[in-house]
Amino acid sequence: MHCGKTAAKPVYKDDNVFCCNGCLRVFELLEHTARPSEQCDIREPVEGPKGKYDFLNLESYRDRFLRFDAEEMANVVFFLPDINCASCVQFLEQLHVKHDAVVQSEVNFPRKEVRIRYNAKAAQLGELASLLAQLGYPPEIRSAEEQRKQKRSYKLVTQIGVAGFCFGNIMLMSFPEYLGAEELEEKFRYGFALLNFVLALPVMFYSGRDYLTSAWSALRNKTVNIDVPVSIGMLAIFIRSSYEVFTQTGAGYFDSLAGLVFFLLIGKWYQARTYGALSYDRDYKSYFPIAVTTIKQGEPEFVPISELSPGDEIIIHHREIIPADSTLLKGDARIDYSFVTGESDPKKVTEGEHIQAGGRQMGASVRLIVKSPVEQSKLTRLWNSEAFSKSADSSIKDPVNRISKHFTWIILAIATGSFIYWLPIDEATAWNAFTATLIVACPCALALTIPFTFGSSLRLLGKAGMYLKNAHVVEVMSKLKTLVFDKTGTLTRANDYRLEWVGRALTSEERVAIVSLTDHSAHPLSRAISRVYKDHRAEARDYQEEAGKGVAAHVNDLSVKLGSARWTGGQSGHGGTEVHVSFNGVPAGYFSFEKPLRDGLQAELSELSHHHDLHLLSGDNDAERERFAHFFEATQMRFDQTPEDKMRYINDLKKNGGVAMVGDGLNDAGALKSADFGIAVVDDLYAFSPACDAILHAGALKRLDGFLRFAQQSMRTVKMSFAISFFYNAIGLAFAVQGLLTPLVAAILMPVSSVTVVVFTVVRTHYYFRKLRLTGE
């Protein structure tokens, strides 16, 4: 590699290998600098999809994507999943060299985003998107919901900033109270207290607003979540502190309030900082293009796919998803149905043939006639079935929320009991004990347990190649008992073949004829044969190709055919994937193809079988049944399974609970959604993947057993952290019920308990991650 970095999709030019287009462009630039006499075409973009992004020029879409829109200048942020290394950053931040309308471009490498400031009068939004695609960085246009999620993350950061600023200043002005500086003049003490009150207002009603709103919503629905006791504690601190300040009877506990909210927001941020660039909840609209080009009265026009009607003529570009059931009108259609049927080999479609929605065009642009609206296609009807409409978290209950139901009533009972006990003795002490109990029992440490334990788990698993949808699925993951695997693309490599020649020995002339013929075919099996044989090539004359049959040509003095047994006149072998060969009409044998298992998978399946019940579901035939019999019982292997069959099988297994589905395509989407825990296995993290609870990089599948055991250890960490939190609460309550809680005790006890829990969860989580040897390679 030019930059020394490995890549899932390397770029080749001449004898050089690059990890990405950025490396290639920078190499070209450096090469031109070293040889200035040669003309450099670094400013010239490569040929790309013309018109694909013109829908962004429509006002409805333009307003959605622009971050700032003035009369002349505008800002836009594009998500570029192909950003891979520092060369990409260097290349993309020089966009002003490639287009005069671009004023500045800035790359956010961790989020794979580029922010472009440009002259809106000199260029349209679709023009910038096309430029990026032509340069080798096609933008992925995100849905409105994904954009709303991003805005919520910005709000959280602002809330943390406000709470942190106020917390620091309140602590600073509360030092005289901590140190018992009695000599401080009364007017200064009162002034500092008032300033603390003013600083506490944005903490309470801006930074802490989400907790108050959540608690109120829970109570209105007659339920109790963790935000209820947290909100009770916040209100008790704020009301009592305000009373002390305005009656000049004390300085209050505003430092504890600000610290509580600040630590809680940090925990929420830590938990939320998973892998925002990945998508876990996708419906069919997330995969389809937002708009397509239609031909009306001979002119191209861009329309949203929701407005497509039967009879419309549409243009589908390379690697675009077909949004509606259609008929091929014109063009060379090679449709990849791997995310609908599980079959990874592109299917050649001739003019007049039907094309199902959800297929991906692999090749030049084609023209189609729409047969049914998007909402009535076969794929859409599958997606709208009951399995897909269920809540993603319907079976998940936060363990903290479960505990909070009992915790809240116990604390209220203790506070009320303290009040009743002290009321006949001393009314002031009674009120002090009541409010102090609510303050010190605020479950700050308890509320931080889940964010920091599961947040650490999510981040560590992500480093090892497993990306979880949210923190709560860790609990479900820890309870899995049954694992159901898809075969093609999950256990086997999707685009790789191991081939074996079965037949008589081939002469060198015959090998030349075979590779000369396969060089003309784009079929994956032909490409696999070409990669194996390194013989020199010869001219292939009279080339012909029959869809679903094979290819034929004359090479030197030989008439060679490759394809099905019927096409070549041969006889089928073991029933698997075979490409038969004949020379001058005489069968010579066949190539037997087998998709190899992913690296390390045999040992991993053996290890998983010790702790889990393993099942295999496949949309392919049972030609490989014997191959997988070493890992799965005969009764637990099912072949020729439709997406509906997989869903029914998963639902039957769920009766015993703890079922995970491990798959890779849209044909697995129903099963992934129906299962208690869905794992989508992908070779490219930012590419096409179905809705799921976890995205697992294919190279990390060999560590799945370790990931599951790590989830179990994370749940043990949570339970141990609960015990630590309750211990600190018990100490605080001992002071509170006696009416002895002072600002100093509250200022020490609450942060110390929070920090202890955070340190314990992070250290123990990292320790078991290393012990289980889950570090990604």
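**Ground rules.** I count two strands as paired if DSSP finds at least two bridges between them. Helices (H or I, at least four residues) and strands (E, at least two) are DSSP runs, numbered from the N terminus. The model is predicted, so I kept to its limits: local features need pLDDT of at least 70, side-chain atom pairs count only at pLDDT 80 or more, and totals for chains, interfaces and linings use all residues. Residues are numbered from 1 along each chain as its sequence is written, and side-chain values use heavy atoms, with hydrogens and water left out.

**A hairpin.** I began with strand 22 (residues 577–583) and strand 23 (residues 586–594), which form a hairpin with two residues between them. N584 sits in the turn and has a positive phi of about 55°. The two strands pair in the antiparallel sense over seven bridges, and T577 has F593 as its bridge partner in strand 23. Strand 23 is also joined by six bridges to strand 18 (residues 498–503), again antiparallel. There I found E500 opposite S592.

Next I traced six strands in the order 8-7-9-15-10-13, an open sheet with antiparallel pairing. Which strands stand at its edges? They are strand 8 (299–304) and strand 13 (354–355); each has a single partner strand, so one side of each is left without a neighbour in the sheet. I followed strand 8 to strand 7 (residues 291–296) and found six bridges, running antiparallel. I295 has P300 as its bridge partner in strand 8.

**Whole chain.** I noted 28 helices and 28 strands in the protein chain. Of its 777 residues, 53% are buried (buried is under 20% relative accessible area, exposed over 50%, partly exposed in between; 1.4 Å probe, protein chains only). For contacts (heavy atoms within 4.5 Å) with a separation of 6 or more, residues 24 or more positions apart account for 66%.

**Aromatic rings.** A search of the whole structure gave me 15 aromatic pairs. Rings of Phe, Tyr and Trp (its six-membered ring) pair if their centres lie within 6.5 Å; planes under 30 degrees apart count as stacked, over 60 as edge-to-face and the rest as tilted. I looked up F197 and F238, a stacked pair at 6.0 Å centre to centre with 25° between the planes. F197 is in helix 8 (residues 186–207) and F238 in helix 10 (residues 227–246), 41 residues apart. Are these two buried or exposed? F197 is buried at 16% relative accessible area, and F238 is buried at 10%. The rings of F197 and F246 have centres 5.0 Å apart and planes at 80°, so I logged this pair as edge-to-face. F246 is partly exposed, at 46%. I also noted one aromatic cluster made of F197, F205, F238, F246 and F254.

**K347.** I found K347 in strand 12 (residues 347–349), partly exposed at 45% relative accessibility. Leaving aside neighbours within four places in sequence, K347 is in contact with A333, R334, I335 and Y337. K347 and M362 are 15 residues apart in sequence and 9.5 Å apart in space, C-alpha to C-alpha.

**One last stop.** I finished at L740, in the loop between helix 27 (704–736) and helix 28 (743–771). L740 is partly exposed, with a relative accessible area of 45%.
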